[in-house]
Amino acid sequence: MRANKTIFAHRGLPLLAPENTLAGFNLMQDYNIEWFETDVTSTRDGKLVIIHDDFLERTTSSAGEVARTDYDLMKDTDTGSWFSPEFEGQKLPTIDDLVEFVNKTKLNLNLELKGITGPHGNDLANDLVVQLKEKLSQIDPSVKILISSFNSILLAKMHNIAPEHEYAILFEQHTLYPDWQLIADACGATTVHLENDRLTREMIDEIQKRGYKINVWTVNDADRANELFNWGVDGIFTDRADYFTGKRK
């Protein structure tokens, strides 16, 4: 892949190992991956866990809404056997597991803040950003960190207490309204993460003209990735980072 373009391993290597698991993260070390993306949210009792969905069902052996479930009820859940018996026994990573992994590997991190549901969402969000500021301060300074979210309020909360980090706002195509820059600026974002579907060169040109970096999700086709890079995007999120970066020698 061409120089100065970023390949983000999307939730690890989700075609080779269960997404957002330590097994999947560790597998990235076999490839020339420099950046990966993962997701963080809060349990009902304020434990920060690494999971994409609001609910546990799709990627764990448990059920229920993450933000309405105490950590003790999910800490032993299996997060690997749904993918393959080979990964049976994988546990739900915590933010401490993630920090330890990043410090060990020195892989750069795009951490996506997931919206928090339920009647105590605002309190949990306030606690999340305070905890996260402290946890991220434990990461080796050589590691680059990009914090992103679809939720502009949550992103703004984080930026307000930790402006030392870089921020990116995510947009689906149907939410990319003409006031996108107001939203980006309000939450301190200098990067925009755009949905690949129906993304045009004109959209990219307009956003770049206003001084923002652009990363595109989720791009698994090599021809499309090349087209986007030719249009000037800075990076792509892909489920096939192993393909784009190649095996380590």
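Visitor: Which residue does Lys135 form a salt bridge with?
Guide: Asp96, and the closest N and O atoms are 2.8 Å apart. A salt bridge here is a side-chain nitrogen of Lys or Arg within 4 Å of a carboxyl oxygen of Asp or Glu. Keep in mind that this is a predicted model, where local features need pLDDT of at least 70, side-chain atom pairs count only at pLDDT 80 or more, and totals for chains, interfaces and linings use all residues. Residues are numbered from 1 along each chain as its sequence is written, and side-chain values use heavy atoms, with hydrogens and water left out.

Visitor: Where do Lys135 and Asp96 lie?
Guide: Lys135 is in helix H3 (residues 121-136) and Asp96 in helix H2 (residues 95-105), so the pair ties together parts 39 residues apart in sequence. Helices (H or I, at least four residues) and strands (E, at least two) are DSSP runs, numbered from the N terminus.

Visitor: Is Lys135 buried or exposed?
Guide: Buried, at 15% relative accessibility, while Asp96 is partly exposed at 32%. Buried means under 20% relative accessible area, exposed over 50%, partly exposed in between (1.4 Å probe, protein chains only).

Visitor: What does Glu164 pair with?
Guide: Lys133, with the closest N and O atoms 3.2 Å apart. Glu164 sits in the loop between helix H4 (152-161) and strand S6 (166-171), and Lys133 in helix H3, 31 residues apart.

Visitor: New topic: how many salt bridges does the structure hold?
Guide: 14. Arg11, Glu19, Asp53 and Arg58 are linked in a network of them.
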